[in-house]
Every structure is written in C-alpha cells, then in structure tokens.
Amino acid sequence: MTAQKASASLEEIRRGSAELTNAVGLHARPSVKLTQLAKSYQSMISVATEPQGPWIDAKSPVKIMRVKAPKGTTLYFEASGDDAAAAVAALVDLVERRFDEAEEEGHG
Amino acid sequence: MAEIRLSGRPASSGFAEGQLYVLPDKRVSRAPTGDPDLEAKALRNAIILASEALADLATTADGDAADMLGFQVAMLEDDALSEMAFAAIAEGKPADIAWRHSMDQEIEAYRSADDEYFRARSADLEDIRDNVLDMLSGGTSAAPPPPGAILIARDLQPSRFLGIDWSKGGAILLSEGSPTSHVAMLARARGVPMIVGLGELPRSADGIALIDGGSGQAILSPERQSLDQFITRRAEDDNLSARAEKLLLKDAMTKTGEAVTILINVADPLELDVISPDLCDGIGLVRTEFLFSEDGSFPDEEAQYRVYRRLVEWASGRPVTIRTLDAGGDKPIKNLTIDGESNPFLGVRGIRLSLIRTDLFRIQLRALSRAASHGPIKIMAPMVTIPSELATVRRMMAEEFEGLKAKGIAAALPPIGIMVEVPAAALAMDLFDADFFSIGSNDLTQYVTAAGRDIGSVADLADPRHPAVLRLIAMIATQGKKMQREVSLCGDAGGDPALIPLLLHAGIRCLSMAPSMVARAKLIISETSLSGDVVTP
C-alpha cells in the first residue's frame, strides 16, 4: 500500500492520497461511505485520480460514481477549511482501511 | 387454459407453486403544466417522495438490500443528479421528459463503462429514474401483488422486488432480464425462485403456476399429472439438497475413493461475488464473450486485464482457465461475427474468427499474459480443428509476451490448451501440442450427432448419452492419460447429475460446471462406484 499521509502545505489547502486496494474500486458502497464521511466535515473537499486534477466534489456521490475509479487507482484529496487536516486524514484512512469492506463483497 | 410449459435461464433456484400474477406497468402518462416553475416544483417533489419511499424501504431491509437502497437514496439526494433536468425544465421541457432524458444520459455512461461492476450499476440508475417517474405521475398506482404469487413481468426493478412481501413464498418469471442483475442477486439472497429470458409471456393470466428455478422450468396452468410430478420432485429435491449442501466445501471423491477435480464455469465475473472459492479446485472455463457488449464496442487491453486479474485474485492460487473469445455459432457479436453464414455452427467461429481478427486477438493475449503475472492463468482456444491453429496461437502468445517483457511490463507465458469439441480434433488428439484438453460437450455432441442444439425438432438427437459421444469422450480421456495431459469436461454435461456417473465411468476425472451445480455434483460423485476400468455403452 503506497499511501502518503495528509501533510500540511504552505497554503491553507491540505492534501493527502491513498491507493484504492479494495477489489471493486470506488464502487457504489465505497462511494457512499466516502461522501458521507466527507459531508461530516465543514471544509471544502475535492478528490481526483491524478495529482493535478481534474478535481471533483468529494461530497457528491453522483460525481464520484461518474469517475468510475477501479482498483489500483490512487485517490488524491484536497481540503480547505477549519477542519481540512482532519478531513483529509480521515478520508485517507477510510481508503486505506478498504472502506471496511469484506473482500468478497462489492456488488452493492 | 391448457397447460403451458416454459423454459428460460435459471436466475435463482428453488421450487414454487402459486397463483399467477401479471405485474402491471404502473406508470400512467402525465399531462405537463406548461409552466417551468410548476414543472421544477413537481420534479423536486417527486425526487423527495421517491427518496423518502426508498428510505422507508431501507428501514426494513438488511445486508446487500439495505446497502443498495442506501446508495440509491444517496444518489437521489445529490443535486448533481438532477442539475441537467432542472436546466432543461428552465428551457421549457416538461418535468418527466427532462428527468428521463437526463437520467438516460447518466445511465448510458454506466452502460458503456469498461468495468463490469460499473456497468451493472446502470440497473440501479434505471430504478432511480423509474421511481421518480412514478412519483411524477402520481405515485404507486398499482396495488401490490398478493403474497405468494408467481409474478410475470418484462423485467423487475430492485426496489420493486424489495417492496413485495415474499414471506408467503412466490417466484418471478421475466421475459427479459439477466441472472447477473441486481434483482437476481436479491432473489437468490432471499431464496425467491426466479427464471429470466423466457421470451413472450402471457399478458393476462389466471390459474396456478409451478416453478423450478434451478432448471429454469415453469409450468402454467398445470394438469393434475404435472402437479403430482412437481410435488414428488420438490420433495426429492429438498432431501437431496440437504445432503448435497453438506458436501459443498469438501473435496469430491467417488464411493470407491477416486478423487475428482471440480472446477467452475464463469459466464460473468459478477457471479463470483456471492460464492466462496473454497467450493472448487479452480475455474475451468471463463466465457470471455461477456466482455463484448451488445452495442458492438470491444474492450481494450486495460479493461480486459483488470477483469482477468480479478478472476485470478478471486481464485486465490487456484488455476483459472480463460477461453479466448468464442464468438460465432449461437453467439453472434455485432461488428465482429460474420452475418448471413448459411450454417454459423460450421462457419467462422471461435479460434477461426480470432485468427482472422488478429488485431482483437492480440489485445486479448496481451491482457491474459499480463494477468498471468498475478497467478495461474491457463489459456484455452475454442473450436481448434487442425494443429497449425494451435501453433499460430502459441507463436502469437510468445510474440506478445516478449513484447510486453521488452517494455518492462509484468507478464507471464501461460500454458495453452484447446477445447475438444470438433470431432477432427477429438479423433486426432495426439497431433496437438496442447498443454491441456477440455471437452466442450455441448458442441462435441451436436457435431457428432449432426443435430443442431438450436433446432428444437432435432434436440432429442443431440444427446450426450448417445454411445458414440460417450465412447469418444472415453477415447479422449484415455488419450490424455497417454499424453500425460490434463483432460477436463466443461460443457453442460459436466454439471448434469444424470450424466456425471457416465462421464466418470468413461474415465473423466475433472469436471467444470456452473457454481450452482457443485453441491449436487459432489453428492452424485460420492455415490458413484468405479470398477477401475473405462466403461462405455
């Protein structure tokens, strides 16, 4: 697992990344978990599959499902706001925990 | 009404007896108001109502069903889903047309996805679309079907399935649909028998129906004798199932102690989500036709690689036999197979087509070679007739493997075997430098008996129990032993309880079958005594 923990930068933007290692990638159930977690933070949070974007709203399951990110994709997070550091850390952790999915699941 | 016998694709096994009920299409047309503000308000309301109804359903659901409903609610509550519809309404479109149009575009993006999982989600999006359309046209107007009924419909949306009371039994008959759909998964999880792809079904029906989901058979308005037979079969089946289920995760062994290798056939990787690899010794046949969508687009190397790699990961170290594209015959593929052949079963199909379309074939070989670096993949070529076809496949595979290696891409050179289904290959097996052989009993039977399996009037002749077919299978098994090459059998006969003892007597020790047949096959094998000699009729 190649994950780079949330790190502070000079701007107010917090960044982090983690590789999707669950069997089905950013699928229905993982997308719902990710957006629900993102929504629990005040900060603006964006997610991308390339370090330079394009960036999409991490609180929108519709937009995240449109990305159709398969297993092996690296997810990049950017957040700005009061709880940005905590948000990025929590999202990276969720991806690294494989969204708490049992491995044979994933059709949901 | 006279008795009607129907046959379709099994989607969820089990027996059911109940009243027929034709599920009405509940949508009524809606008159637009002509006022964009009112139309926008109508759509907003419909979305809220649909999302509330789903949330209600979710409170009574659990496991996969609850997750699926949670996903639909999350999507509906996201403004990004309706943005485009509201924009169209502002331009003067009626609410239902704007919503349908924008959702259809969203659904199309899922349908055209490379990844099988995302493609399958198009059904959830259709469900969301239809639920909102129902709310726009005044909500669920149709009364729920009576509990325990046998439902007849064109297709069934997952949320509609979940809204039905299945506690009193019941079953589903669909004229369309797929065994890998979400609703089929829900039906299997809930133990509701379901048959799909039945074709034209009665539009109005009364009387009772008998369903055998496992064999895909349904009898409408059965006569007394059919009913008696059904009741007997159901009782036998209950008894057998209970005994077979105990053997599901055990190694297969005959009564006289011979080990039998059990492999599974995979038509669609989605099937694997709900089964444990522990029930088999590997995958004996992956039908890669599923990768080629009906719209005539072909999967690229990356998409194929991901699918093959997932199969290898699922099998966790067990061998995965992947058949190269077997298009043609009864499996036409748009923009690929040749239309208008006078006899497609004797035409350009299987490896014959791949060796013409080498551009596509090489993509598949590269994807397989890359996936083979993750675990034991075996490549199987269908419809091989002469040794030079296999030699060409080997050469192309070696070239693609070297090419990948030169680019520093992880790859491996997998073993290459052939399907034995053309009698010419069966009778001259010793001439083929194959790493393994797998008998395709469906095609072998139709070629040996000269009776097309797609022609109902000669279907009885295409019988794998014909002594000629069994003798040929015994010859193949014996020849394989002589050549010290593995011989398996992966046609429908391999999972047929009536045929398994005959195949074992013919010397076959490796059977590949649909996952749903494994438990019953292991039971039949455990009850078969072998004398040690090859026995054929």
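Visitor: What makes strand 7 of chain B and strand 8 (residues 217-220) of chain B a pair?

Guide: In this predicted model, strand 7 of chain B and strand 8 of chain B run antiparallel and are joined by 4 bridges; because a pair needs at least two bridges, the two strands count as paired. Within this pairing, B:Leu210 stands opposite B:Ile219 in strand 8 of chain B, and in the hairpin, which has 4 residues between the strands, B:Gly216 takes a positive phi near 75 degrees.

Visitor: How many bridges link strand 3 (residues 15-22) of chain B with strand 7 of chain B, and in which sense do they pair?

Guide: Strand 3 of chain B and strand 7 of chain B pair over 5 bridges in the antiparallel sense, with B:Glu17 standing opposite B:Leu210 in strand 7 of chain B.

Visitor: Why is strand 7 (residues 208-212) of chain B called largely enclosed by the rest of the structure?

Guide: A residue is called buried if 20 or more other C-beta atoms lie within 10 Å of its own, and 4 of the 5 residues of strand 7 of chain B are buried, so the strand is largely enclosed by the rest of the structure. Across chain B, 45% of the 537 residues count as buried.

Visitor: Which helices of chain A supply at least two residues each of the side that touches chain B?

Guide: The contact takes 19 residues from chain A and 22 residues from chain B; on the side of chain A, helix 1 (28-39) and helix 2 (61-67) each supply at least two residues, and the residues of that side divide into 7 nonpolar, 6 polar and 6 charged.

Methods:
Residues numbered from 1 in each chain as written. Chains lettered and ligands numbered in written order. Predicted model: local features only at pLDDT ≥ 70, side-chain atom pairs only at ≥ 80, totals over all residues. Contact = placed C-beta atoms within 7 Å. Nonpolar A, V, L, I, M, F, W, Y, C, P; charged D, E, K, R; others polar. Buried ≥ 20, exposed ≤ 12 C-beta atoms within 10 Å, placed from the backbone.
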